[in-house]
Structures are given as C-alpha cells and as structure tokens.
Amino acid sequence: SITLLLVQISSANNTAKLRNQASSYVDQALEKVRSFDQKNGWVNLSLKGSSSGICYVDGTLVSVGSCIPAGSAPATCGIAVGNPVSGPFYAASYAMSVKIITNSNQVQAVSAICWLDKNTWNKIESNTYFYDY
C-alpha cells in the first residue's frame, strides 16, 4: 500500500509539473507578443491580425499556423490541432497557437496551449490587449 501511495503522489506531482509548464508556455508567448509590439510598434502589430483573427505558431508572430479553437478541452484539443511545442522538462505532447485579433484601435492577443496528460487533453488560454493611443 505504501508503494501505491508513492506512485499516486508521483503521478500528481507530474500532472502539476505539466500544468505549470503549459502555463509558462502561455505566458512566454504573450511576452513575445509584447516584445514584438515594443520593437515594431502598434501599427505593425495590428497588421499581423484581422477582425476574425490570424493564428501563429508562437508569440514571435513569424509563422502562420492553425488555431486552437475556443472552448474547453478535450473538445478543442487533439493531435491535429495547434502547433507542436517541445517540452524540454517533462515528457508530454503540447500544442500552441497565438491568435491576433485587430479591431479599430485595439489588438487582442490570445495564447492557447493544449497538452496531453494521462490520455486526457487539457487546455490553458490567456489573452491581453494592446491599444493605439
């Protein structure tokens, strides 16, 4: 019974590590978008999006990719969605997209990541806004 308890604790720790890594990826992508805005200006950032949104593989906004759809996992996650992200610390399957939505004087950046843990897809999404002042 002690061995079973140790296995359960180890599994819970791994799940927490995977979620923390995914959260870190989401934050890193938004920080890259902020960096793009600071280096290139709001106008160039707004040109990276559209009113319906354009998706990129990460926050560098260089390579156009497929979007991870809005909604909750597992319906919005799967092997074919998003763009692969290598998980350097923990073995997992990650997929990421950054969607840029432009409306008049604002740009919305939506960073989403899905990951597979114990045969279940999970998802984290975060967004931020940039304004033309």
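Q: In which strand is the place of Ile-54?
A: This is a predicted model, and Ile-54 is a residue with a place in one of its strands. That strand covers residues 54-56 and has the highest confidence in the protein, at 93. The strand that holds Ile-54 is S1.

Q: Is Ile-54 buried, partly exposed or exposed?
A: Buried requires under 20% relative accessible area and exposed requires over 50%. Ile-54 has a relative accessibility of 26%, so Ile-54 counts as partly exposed.

Q: How far apart in space are Ile-54 and Val-64, C-alpha to C-alpha?
A: Val-64 is among the residues that Ile-54 touches, along with Lys-48, Gly-49, Val-98, Lys-99 and Ile-100, when residues up to four places away in sequence are not counted. In sequence, Ile-54 and Val-64 are 10 residues apart. In space, their C-alpha to C-alpha separation is 7.4 Å.

Q: Where in the protein is confidence lowest?
A: The average pLDDT of the protein is 81, and 76% of the residues score at least 70. Over residues 87-91 pLDDT stays under 50, and the model has 9 contacts for them beyond four places in sequence. Confidence is lowest, at a mean of 50, in the strand of residues 83-85, namely S2.

Q: How many bridges link S4 and strand S5?
A: S4 spans residues 106-117, and S5 spans residues 120-131. They form a hairpin with 2 residues between them, and Lys-118 in the turn has a positive phi of about 55°. The two strands pair in the antiparallel sense, and the number of bridges is 12.

Q: What is the accessible area of the nonpolar patch on the surface, taken together?
A: The patch is formed by Tyr-129, Tyr-131 and Tyr-133. Of these, Tyr-131 lies in strand S5; its relative accessibility is 37%, so Tyr-131 counts as partly exposed. Together the residues of the patch have an accessible area of about 420 Å².

Q: How far apart are the closest N and O atoms of Glu-31 and Arg-34?
A: Side chains of opposite charge can pair when their charged atoms come close. Both residues lie in helix H1 (residues 2-47), 3 residues apart, about one turn of the helix. Glu-31 counts as partly exposed because its relative accessibility is 46%, and Arg-34 does so at 29%. They form a salt bridge, with the closest N and O atoms apart by 2.7 Å.

Q: With which residue does Lys-123 form a salt bridge?
A: The count of salt bridges comes to 2. In the one with Lys-123, the closest N and O atoms are 3.3 Å apart.

Q: Is Lys-123 buried or exposed?
A: The cut-off for buried is under 20% relative accessible area. Lys-123 has a relative accessibility of 15%, so Lys-123 counts as buried.

Definitions and conventions. Residues are numbered from 1 along each chain as its sequence is written. This is a predicted model: local features need pLDDT of at least 70, side-chain atom pairs count only at pLDDT 80 or more; totals for chains, interfaces and linings use all residues. Side-chain values use heavy atoms; hydrogens and water are left out. Buried means under 20% relative accessible area, exposed over 50%, partly exposed in between (1.4 Å probe, protein chains only). Helices (H or I, at least four residues) and strands (E, at least two) are DSSP runs, numbered from the N terminus. Two strands pair if DSSP finds at least two bridges between them. pLDDT is the predictor's confidence in each residue, from 0 to 100. Contact means heavy atoms within 4.5 Å. Patches are made of residues with over 30% relative accessible area and no salt bridge: like charges are joined within 9 Å, nonpolar side chains (Val, Leu, Ile, Met, Phe, Trp, Tyr) within 5 Å. Accessible areas come from the Shrake-Rupley method with a 1.4 Å probe; for residues, only the protein chains shown count as cover. A salt bridge is a side-chain nitrogen of Lys or Arg within 4 Å of a carboxyl oxygen of Asp or Glu.
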